[in-house]
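Here are my notes for anyone opening this one for the first time. Have the viewer ready and go through the points in order.

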Amino acid sequence: MFDKLENIVERYNQLTEQIALPEVIADNKQWQKLVKEHSSLQEIVDAYLQYKKVKSDLEENLEMAEIETDKEMLEMIHSEIARCKKEKEQLEEQFKVLLLPKDPNDDKNVIIEIRAGAGGDEAALFANEIRRMYYMFAEKNRWKIEESDINESELGGLKEAVFTVVGNGAYSKFKFESGVHRVQRVPDTESQGRIHTSTITVAVLPEVQDVDIAIDDKDIRVDTYRSSGAGGQHVNKTESAIRITHIPTGIVVNCQDERSQIKNREKAMNILKSKLYDFYRTQQDKEYAEQRKNQVGTGDRSERIRTYNFPQGRVTDHRIGLTLYSIENFMNGDIEQMVEALRLADQTAKLQSQD
């Protein structure tokens with residue numbers, strides 16, 4: 001482990017020198033790439049430098065304890081030894097997490113799909129509330145929302161929605177939201193006061209822009225149609241909406257948010273690339289998914305991941321067994337505690353798989 005840490009420090013120092021070179025600064029693309037790598041190593045380098053200082057302080061105090069005769073000074077030295085040992089152990093545990101392979105998609109934008117499942121109008125209403133929850137969480141993180149395909153129901157619910165959360169680290173925060181979300185509550189239309197159970201599905205994809213996904217023209221079918229729902233004067237007047245079908249996989253993407261057919265096609269192709277990237281990555285990651293499914297689940301959208309019980313005011317994530325009794329705040333976008341718990345569970349699973 002410490003050889004690896006030394007190599008990281010060496011690489012960090014090399015990058016520090018390189019990003020200051022005039023010829024590198026002149027090449028903005030290369031400079032940004034090196035600065036990004038340099039920044040990604042900062043936390044682990046700072047921790048390792050602190051570790052070396054603590055280790056040096058510990059050794060120095062151990063030597064002093066062997067020769068010191070004054071009782072009061074000896075107590076102070078032993079107190080400092082105990083502090084150094086504790087900090088040294090904490091840093092060693094921290095290194096195990098910092099050295100875990102980083103998900104290359106964590107810093108990317110994220111494409112989120114929400115679809116109403118079992119439960120009719122109640123499921124559609126809940127789907128719209130989950131969309132609102134994600135929008136509010138994105139706003140708290142100062143991220144931007146770009147809608148691609150919103151299909152609303154007549155009662156103010158949501159049949160399906162596809163949108164992109166644009167912001168650094170968006171995928172890392174949303175990636176454990178994939179799966180079936182279940183709601184238990186008394187619908188407004190229920191005269192007997194009975195609790196109903198409805199479901200929605202959420203799919204989360206990293207936005208793919210810089211990954212080479214080859215799409216042959218003969219493998220796709222492009223259809224145009226008139227936009228529907230909210231959207232202004234252009235709705236139902238021009239065929240600006242786009243539907244792209246990837247024939248080999250059967251993946252279908254719709255986009256009707258933009259007035260321009262060209263812009264809608266561009267958005268739809270970007271979503272299709274992300275879906276294909278996720279499709280092929282999922283096939284490769286089956287072994288890893290099997291290892292961690294007991295911790296945070298496989299991320300498969302057929303898996304029930306969370307229950308929102310309104311009568312009891314609780315939200316329970318079934319993958320990690322965490323229940324929060326603050327459903328109102330949760331539905332208003334205060335989901336950071338759940339997000340962080342899922343991240344830590346994933347880290348724990350990865351650490352255990354290395355043992």
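1. A word on classes before we start: Ala, Val, Leu, Ile, Met, Phe, Trp, Tyr, Cys and Pro count as nonpolar, Asp, Glu, Lys and Arg as charged, and the others, Gly among them, as polar. With that, the lining of the largest pocket has 16 charged, 13 nonpolar and nine polar residues.

2. Some housekeeping. This is a predicted model, in which local features need pLDDT of at least 70 and side-chain atom pairs count only at pLDDT 80 or more, while totals for chains, interfaces and linings use all residues. Residues are numbered from 1 along each chain as its sequence is written, and side-chain values use heavy atoms, with hydrogens and water left out.

3. Now the overall picture. You'll find 10 helices and 11 strands in the chain (DSSP runs numbered from the N terminus, helices being H or I with at least four residues and strands E with at least two). Of the 355 residues, 43% are buried (under 20% relative accessible area; exposed is over 50%, partly exposed in between, with a 1.4 Å probe and protein chains only). Among contacts (heavy atoms within 4.5 Å) between residues at least 6 apart in sequence, 62% join residues at least 24 apart.

4. Back to the pocket. The largest one holds about 1300 Å³ of space. Here a pocket is an open set of points on a 1 Å grid over the protein atoms alone, where a 1.4 Å probe fits, with protein on both sides within 12 Å along at least five of seven lines; lining residues have an atom within 4 Å of a point. The volume is the space filled by probe spheres set on the points, which are joined across faces, edges and corners.

5. Who lines that pocket? There are 38 lining residues, and the closest to the centre are Ser 40, Lys 102, Asp 103, Asp 106 and Asp 107. Helices H1 (2-18), H3 (28-67), H4, H6 and H10 (336-354) each supply at least two lining residues, and H3 gives the largest share, with seven.

6. Shared partners join Glu 113, Arg 115, Glu 160 and Lys 275 into one network.

7. Arg 83 is partly exposed, at 37% relative accessibility. In another pair, Lys 96 meets Glu 93 at 3.2 Å, and these are three residues apart in H4. Lys 96 is partly exposed at 40%, as is Glu 93 at 47%.

8. Arg 142 lies in the loop between helix H5 (120-140) and strand S2 (144-152), and its relative accessible area of 80% makes it exposed.

How values were computed:
A salt bridge is a side-chain nitrogen of Lys or Arg within 4 Å of a carboxyl oxygen of Asp or Glu.
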